[in-house]
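Q: Could you walk me through how to read the side-chain features of a model like this one? Let's have it on screen and go feature by feature.

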Amino acid sequence: MESTLSRSHGGNTDVRNACSSASSSKCGSGLTPCEHHVQEEVCQTRAVYRQGKEFTAVKVYTVNHESRYLILQNIPDLNLQEELRRLCGRFGAIQEFGPVSASKYPPGTPFTAVYVVKYASTHHARYAKRKLDNRAFYGGLIHICYAPELESVLETREKLLER
């Protein structure tokens with residue numbers, strides 16, 4: 001089932017198709033690449049006493065940067081929607097799931113696809129991001145980032161009141 005959702009951001013209206021089934025190919029069609037979707041390089045200048053067992057990137061998130069919407073990048077383009085949906089479903093209830101059109105949001109590497117997942121709560125999205133980011137999936141490493149630009153004003157208000 002497809003429905004059209006209208007999102008309002010500071011006077012700009014972004015209309016995109018939402019999907020509740022994995023078979024729809026128009027979910028996240030209003031998504032465009034943003035600066036915060038790019039994966040950061042690992043931090044090499046961290047003090048020795050602050051280093052963990054492996055080098056990680058340093059990225060600070062506020063409540064407003066987090067979102068129920070996640071963008072999954074570097075997914076092999078092998079028609080893996082059901083497997084990916086099952087994997088994401090292990091971390092919480094999914095409200096929307098679907099691929100993003102390559103013409104609207106070009107994948108970072110050839111032969112990969114980009115997907116959007118909307119979880120029922122921000123808590124589930126945080127848990128999924130923590131567990132799935134940089135995880136191996138069919139020969140590639142999944143990169144996950146938040147997509148707060150897809151939230152409506154009402155969803156942002158609920159998120160801020162939740163915390």
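Q: Let's start with burial: is Phe97 buried or exposed?
A: Buried means under 20% relative accessible area, exposed means over 50%, and partly exposed is in between (1.4 Å probe, protein chains only). Phe97 comes out at 0% relative accessibility, so it counts as buried. Keep in mind that this is a predicted model, where local features need pLDDT of at least 70 and side-chain atom pairs count only at pLDDT 80 or more, while totals for chains, interfaces and linings use all residues. Residues are numbered from 1 along each chain as its sequence is written, and side-chain values use heavy atoms, with hydrogens and water left out.

Q: How many aromatic pairs does a search of the whole structure find?
A: A pair of aromatic rings is described by the distance of the centres and the angle of the planes. The cut-offs: rings of Phe, Tyr and Trp (its six-membered ring) pair if their centres lie within 6.5 Å, with planes under 30 degrees apart counting as stacked, over 60 as edge-to-face and the rest as tilted. Searching the whole structure gives three aromatic pairs. One of them is Phe97 with Tyr115, a stacked pair at 5.6 Å centre to centre and 20° between the planes. Phe97 sits in strand S4 (residues 94–99) and Tyr115 in strand S5, so this pair ties together parts 18 residues apart in sequence. Helices (H or I, at least four residues) and strands (E, at least two) are DSSP runs, numbered from the N terminus. Tyr115 is buried too, at 5% relative accessibility.

Q: And why is the pair of Phe137 and Tyr138 edge-to-face?
A: The ring centres of Phe137 and Tyr138 are 4.9 Å apart and the planes stand at 75°, so the pair is edge-to-face. Phe137 is buried, with a relative accessible area of 8%, whereas Tyr138 is partly exposed at 48%.

Q: On to charges: how many salt bridges turn up in the whole structure?
A: Side chains of opposite charge can pair when their charged atoms come close. The cut-off for a salt bridge is a side-chain nitrogen of Lys or Arg within 4 Å of a carboxyl oxygen of Asp or Glu. The whole-structure search finds five salt bridges. Among them is Glu66 with Arg126, at 3.2 Å from N to O. That pair links distant parts of the chain, 60 residues apart: Glu66 is in the loop between strand S2 (12–19) and strand S3 (69–76), and Arg126 is in helix H2 (residues 122–132). Glu66 counts as buried, at 10% relative accessibility.

Q: What does the salt bridge between Lys118 and Glu155 tie together?
A: Here the closest N and O atoms of Lys118 and Glu155 are 2.8 Å apart. Lys118 lies in strand S5 (residues 112–119) and Glu155 in helix H3 (residues 153–162), so the pair ties together parts 37 residues apart in sequence.

Q: Which ring does the charged end of Lys129 sit over?
A: A charge sits over a ring if NZ of Lys or CZ of Arg is within 6 Å of the ring centre and within 35 degrees of the ring normal. The charged end of Lys129 sits over the ring of Tyr146, 5.6 Å from its centre. Lys129 also forms a salt bridge with Asp133 (3.4 Å, N to O). Lys129 is buried, with a relative accessible area of 10%, while Asp133 is partly exposed at 24%.

Q: Which way do the side chains of strand S8 point?
A: In a regular strand the side chains alternate between the two faces of the sheet. From strand S8 (residues 143–146), His143 and Cys145 point one way and Ile144 and Tyr146 the other, and all are buried. Two strands pair if DSSP finds at least two bridges between them. S3 and S8 run antiparallel and are joined by four bridges, with Leu70 having Tyr146 as its bridge partner in S8.

Q: Last one: how many disulfides are there?
A: A disulfide needs a pair of cysteine sulfur atoms within 2.5 Å, and the search of the whole structure finds zero. As for the cysteines, Cys88 is buried at 1% relative accessibility, and Cys145 is buried at 3%.
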